[in-house]
Amino acid sequence: MGTPKLHIRPGNPDFLDLDWDRPIDDWDHERLVTIPTGIHRHPVQFVAYTEGLYAIKELPRDLAYHEFETLRRLSTRIRPVARPVGVVDRHWLDGSIEGAGAVITRYVDHAFPYRELVQGSGFGARRNQMLDAFAGLLVQLHLTGCFWGDCSLSNVLYRYDANQIEAIMIDAETSRLYETMTAGQRREDIEIMIMNVAGGMADIAASQGTEVDDADLNLGEDVAERYAALWTELQHDIVIGPDERYRIGERIGRLNDLGFDAEDVDLTPDPSGGDRVVVKIAVGGRNFHSNRLRELTRIEASENQARQILSDLQYHEARLGSTSATGKAIAAIRWRVDVFEPLMLRLAETREGEADLVQAYCDFLHHRFILARRQERDVPNDEAFQSWIDHGHPGYEVED
Ligand SMILES: Nc1ncnc2c1ncn2[C@@H]1O[C@H](COP(=O)(O)OP(=O)(O)OP(=O)(O)O)[C@@H](O)[C@H]1O
Ligand SMILES: [Mg+2]
């Protein structure tokens with residue numbers, strides 16, 4: 001008994017005030033917060049500190065170290081994954097005991113498990129968006145060399161990302177990281193997902209005493225088809241003639257439109273002869289716009305939120321008329337101080353504490369755009385903001 005070994009990343013509490021002598025399910029601590037979760041095998045608790053909300057999961061020691069390390073490495077490669085904060089080692093316990101280790105992750109704000117949605121109101125008009133986001137997450141993981149091994153409706157969270165949905169991976173206990181993945185490994189991972197999703201659907205139906213219809217049982221296959229389409233779109237090579245170099249830029253633009261970074265461009269002579277060239281583009285993470293926004297302004301946002309916010313920045317730049325690189329950098333800072341931050345403050349005053357303020361900013365931008373289109377003129381921020389409040393702060397309409 002005593003104090004566990006704790007390995008905590010900077011910027012977080014030390015968690016020493018928690019009752020590590022006892023299993024987390026027996027805790028009765030003022031920091032505990034009750035939050036609905038997906039289905040899970042291991043004990044999970046949520047704790048609140050001034051630094052934020054954290055999820056703690058107990059598991060055997062080796063698994064805890066493995067999950068922490070995998071999440072740590074993975075979160076340096078891609079964005080939509082639970083942020084690992086620490087690993088706990090109750091060194092006085094036998095390592096194979098469930099509570100010998102624990103992983104602490106940052107609670108993913110404003111996000112909910114897919115399973116909760118499926119067993120509640122269902123996808124409704126957002127079905128395409130939700131399933132595309134789910135498939136997009138698997139594509140990002142596979143591009144970065146991560147075999148998940150347990151993709152399921154409980155292990156994927158969703159949250160609003162401007163006019164889209166962002167899917168987020170939690171639970172990397174079964175994951176393995178590779179330099180690159182083979183087609184066979186990708187196929188195996190997809191098969192696990194299909195099985196888990198079908199199992200989840202059958203389970204939900206049984207718990208609700210309803211029949212599972214075919215569409216629902218095939219949900220995983222639907223995701224797999226979307227995955228395959230996106231994978232092909234990202235991976236196909238192009239063959240260009242000597243005067244068609246513009247097509248490389250065009251292809252990179254298309255990848256960026258899908259949110260993906262282009263990392264390396266490989267050019268090789270076309271094996272079928274002639275003066276044509278095969279262009280292979282290595283695709284990076286789906287962070288193109290969020291990286292760009294961070295570089296320019298230090299603002300953290302998810303991919304589509306960043307895309308919308310960057311267009312707001314461009315809108316203001318255009319009004320300032322700055323064209324040089326320095327002029328643009330200064331305009332970005334001025335926009336942050338003069339436009340973005342005051343508006344975020346006003347949003348914080350008008351929205352309840354738990355609202356996602358960056359998402360609210362995007363909702364506001366969308367409203368300003370709708371007003372401008374309707375009135376065929378630029379609507380100033382103050383006027384657009386008042387109108388957004390008067391209309392009950394509307395979000396995006398679902399496009400399907
Ligand atoms: N960082 C987090 N942010 C938000 N919710 C979380 C987080 N970590 C865990 N959860 C919630 O807790 C649940 C269980 O967590 P997790 O999936 O890691 O446990 P598990 O026991 O390993 O699950 P499985 O049975 O899939 O192996 C999740 O479905 C999710 O609802
Ligand atoms: Mg899980």
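## Around ligand 1

Seven nonpolar, eight polar and five charged residues make up the shell around ligand 1 (Ala, Val, Leu, Ile, Met, Phe, Trp, Tyr, Cys and Pro count as nonpolar, Asp, Glu, Lys and Arg as charged, and the others, Gly among them, as polar). That shell has 20 residues, and the closest are Thr 37, Gly 38, His 40, His 42 and Ala 55 (near means a C-beta atom, placed from the backbone, within 6 Å). Domain 1 (5-106) and domain 2 (112-233) each supply at least three of the shell residues.

## About the model

This is a predicted model: local features need pLDDT of at least 70, side-chain atom pairs count only at pLDDT 80 or more, and totals for chains, interfaces and linings use all residues. Residues are numbered from 1 along each chain as its sequence is written, while chains are lettered from A and ligands numbered from 1 in the order in which they are written.

## Domains

Besides domain 1 and domain 2, the chain has domain 3 (237-283) and domain 4 (288-390), with bounds from an automatic or database domain assignment. The centres of domain 2 and domain 3, taken over C-alpha atoms, are 30 Å apart.

Helix α4 (residues 183-208) and helix α6 (residues 219-235) have axes that come within 7 Å and cross at roughly 150 degrees (axes are lines fitted to C-alpha atoms, for helices over the stretch in contact, and angles run from 0 to 180 degrees between N-to-C directions). So α4 and α6 are roughly antiparallel to each other, the word for angles over 145 degrees. Helices here are DSSP runs (H or I, at least four residues), numbered from the N terminus.

Conventions. Helices (H or I, at least four residues) and strands (E, at least two) are DSSP runs, numbered from the N terminus. Angles under 35 degrees count as roughly parallel, over 145 as roughly antiparallel, 65 to 115 as roughly perpendicular and the rest as oblique.
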